[in-house]
Amino acid sequence: MHIAFTDKNGQNGNSFSLCFFLCVTPFFTSFFLSVSVCLSLCLYLSVCLSVSQPQDGGVMFAALYWEEPDRSGHKFGPDNTTAMAKVLKEVDDHVGLLVSELQRAGLWGHINVVVTSDHGMTQCSAQRLIRLDDCLHPHNYTLVDLAPVTALIPTQDPEKVFSLLDKCHPHMTAYQKKAIPERLHYRNNRRVQPIILIADEGWLIIQRGDKLLTLGNHGYDNTLPSMHAFLAASGPGFRQGYRTAGMKSVDVYPLMCHLLGVPPAPNNGSLAQARCILSGEDCVDVALVAGVVVGVLLLLTAVTCEYLHG
Ligand SMILES: [Zn+2]
């Protein structure tokens, strides 16, 4: 989970970010610091808030990353509702502490706060493993990455290697780099390998054996609802009480740039949809309109069927 504070007025402000990994090694971007001690969230917040005071020159942008609920999602799988409810309560308490500390510092309502995640999570199983050794001999390729999305470089005839992978498993789709669907925005970078394998939701690609390393995973097709992230925002830059039907993760970057008043670098996002959650902005909520249109069509279909069947 990611939390970011922004102050639209601080054009030349400082920034810092911090990652919480278990017991904790924080990284400050402005003044690099690595401390291998347990840093309580409370202490972090007091550091953050003390440097956020506008009268001190403050920070323009602060980001905080928590590894939860990602860590528990991998370890237990999202279907383990007992374990996930416990960790989600912890995360909820952290956000509650953040809000109360911001209120205590007199900042709540004056700064923009965005709470978001970068992916969802789906349940995996030892009964849903795809073994590359069942497809072809390992001498045929160099493995670069192994996950729901697997990347490899053929070391033998590329067409033959692709052909073996292409028909290997009904729950795995093989792509040659040039044929990766445009919507995935993944085929035009020199770092993308010649063959990409994508597992169906909940399936994992391994080389051999039957060892399941994680009970939950992400990285599957971004059209799957289970892969969708969430975003909640509060502050003077946002419309109050507004709920949009959807926004793309790549739109968060131009949204942040807009709030900070800095020009965005080239990116795949757009403010077109994100504009709908901003205060004082005109927009057409395309996701919401599409949802209403689909809903009306479904209703009409249901009514027509009911009529036809008497
Ligand atoms: Zn993860």
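Residues are numbered from 1 along each chain as its sequence is written. In this predicted model, local features need pLDDT of at least 70 and side-chain atom pairs count only at pLDDT 80 or more, while totals for chains, interfaces and linings use all residues; side-chain values use heavy atoms, without hydrogens and water.

**Exercise 1.** Determine which cysteines form a disulfide, and where they lie.

*Solution.* 
1. A disulfide is a pair of cysteine sulfur atoms within 2.5 Å.
2. The sulfur atoms of Cys 135 and Cys 168 are 1.8 Å apart, and the two residues form a disulfide.
3. Cys 135 is in the loop between β6 (129–131) and β7 (141–145), whereas Cys 168 is in the loop between α4 (158–166) and β9 (172–176). Helices (H or I, at least four residues) and strands (E, at least two) are DSSP runs, numbered from the N terminus.
4. The angle about the S-S bond is -70°, and the link of Cys 135 and Cys 168 is left-handed.

**Exercise 2.** Identify the protein donors of the zinc ion and classify the site.

*Solution.* 
1. Donors are N, O and S atoms within 2.8 Å of the metal (3.2 Å for Na, K and Ca); water is not among the atoms, so sites may look incomplete.
2. Four donors count as tetrahedral if all angles lie between 85 and 135 degrees; four count as square planar and six as octahedral if opposite donors are over 155 degrees apart and all others between 65 and 115; anything else is irregular.
3. The angles among the 4 donor atoms are 53 to 147°, and the site is irregular.
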